[in-house]
Amino acid sequence: MMMIHTRMAKNPVGLKHHRKTKLMPRTSRLISTLSLASLWQISCRLFLYGQSPTLTENAVPKCPTEAETLKEMLKLASVPTSNNQQEGIVFTTVTIGEKTRDHVEWVSNWYGQLQNVGVAHPIVFGIDDTGETCEIVRSLGICCRNFVPDDFLVAGELIPMATRDGMRPASVDMKFFYALELLSHGYRISFSDDDVFWFKHPFLDNEFGEDMRGLTDDMSAEDQHDGWSSKKCGLQYGSPCMSTGLWDIYPTKASIEFLQGLLDGLRTTKIWEQELANKFLQKERQKIGQKMLFWLFPKSTHANVGVLDQRIANGQPMNLSAVHLGYVHGKAKLEEYKKRGFWHPKNFSFPIMNSIE
């Protein structure tokens, strides 16, 4: 049964302040969810520097992504949000082949940092027809769920796995199809590309009154008071200038209808998915009557690296939750993260936090 929630916007202009109900401290939550066997594994790893002891099959927990159905997987992988009344899912979509195998390090960096901030089971959806993506991702011990048509009970007919606009892999489109499925199960969701570096749990102290929030691709240092306008969008479509590389959305009637419309647009056009999403947000804003309420994340908490540098230089306050490599391309991405100390890929093949009993 589809779970739909309604939300009312609070304080429609300016940033909002909400009751802060802290999540359980990460260390306590980790200890409470690990078996004695897992704690022993951690101790061994600390002393043996990566030498894995021989474990029986029963001692190695399954990944949530190995669940038979998407519904079962979501139940295993969901995490509490800061209001303690809503479960959430943190996920990304990725396509990796033999020629792009090195990209798995970006998945590792994203996955590991989310675990560091308390997300026990970030979900990686591998988008291809052969399962090659997940095979490569799993080689580092990262839980990955293959694209399975049977997972989609709401999204209907899916777009082909072949690239839609001739430039980008199917994973950039498929994140919206997965989003609709996850929302239909009643989960709040946080999506981020694998070049996002998280400083805080995505749902920690991050309650908001709108249906959806997203990272701004505006290139200026200041926020706009209406939570929508872009002073200096580096892309032609203009406001709200939302990046589809990082967003958070509640399972409301309005958000589900918004995504259904966006998916129709993806099926029938070859427009870049980020441009299309911004155009649909513009249409949503112009609606009369019920509409999806949208707000951009403040730049003090969610920012592209260029905006971060400007704000630091200006002495503007920062309380970072996440940073994204917007407007940075190719090898420069890796150079940016290395020089900032944001680059920590590793092999998770030792099954500790990325697995569940």
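1. Basis. This is a predicted model, in which local features need pLDDT of at least 70 and side-chain atom pairs count only at pLDDT 80 or more, while totals for chains, interfaces and linings use all residues. Residues are numbered from 1 along each chain as its sequence is written, and side-chain values use heavy atoms, with hydrogens and water left out.

2. Whole chain. The protein chain has 10 helices and 11 strands; helices (H or I, at least four residues) and strands (E, at least two) are DSSP runs numbered from the N terminus. Of its 357 residues, 54% are buried, meaning under 20% relative accessible area, with exposed over 50% and partly exposed in between (1.4 Å probe, protein chains only). Among contacts (heavy atoms within 4.5 Å) with a separation of 6 or more, 74% are between residues 24 or more positions apart.

3. Helices α7 and α8. The axes of α7 and α8 (residues 273-285) come within 10 Å and cross at roughly 135 degrees. Axes are lines fitted to C-alpha atoms, for helices over the stretch in contact, and angles run from 0 to 180 degrees between N-to-C directions. The pair is therefore oblique, the class left after roughly parallel (under 35 degrees), roughly antiparallel (over 145) and roughly perpendicular (65 to 115). On the α7 side the contact is made by F258, G261, L262, G265 and L266, and on the α8 side by E273, L276, A277, F280, L281 and E284.

4. T252. This residue sits in the loop between β8 (242-249) and α7 (253-268). T252 counts as buried because its relative accessibility is 2%. Its side chain makes a polar contact of 2.8 Å with the side chain of D211; such a contact is a pair of N or O atoms within 3.5 Å, where within protein one must be able to donate a hydrogen and the other to accept it, and residues adjacent in sequence count only if both atoms are side-chain atoms.

5. T133. T133 belongs to helix α5 (residues 132-138) and is buried, at 0% relative accessibility. Leaving out residues up to four places away in sequence, T133 touches V94, T95, I96, G126, I127 and D128.

6. Backbone points to check. Most residues other than glycine have a negative phi, and most peptide bonds are trans. The bond joining S239 and P240 is cis, with omega about 5 degrees. C241, in the loop between β7 and β8, has a positive phi near 60 degrees and is buried at 0% relative accessibility. Y327 also has a positive phi, about 70 degrees, but is partly exposed at 33%; Y327 lies in the loop between β11 (322-324) and α10 (331-340).
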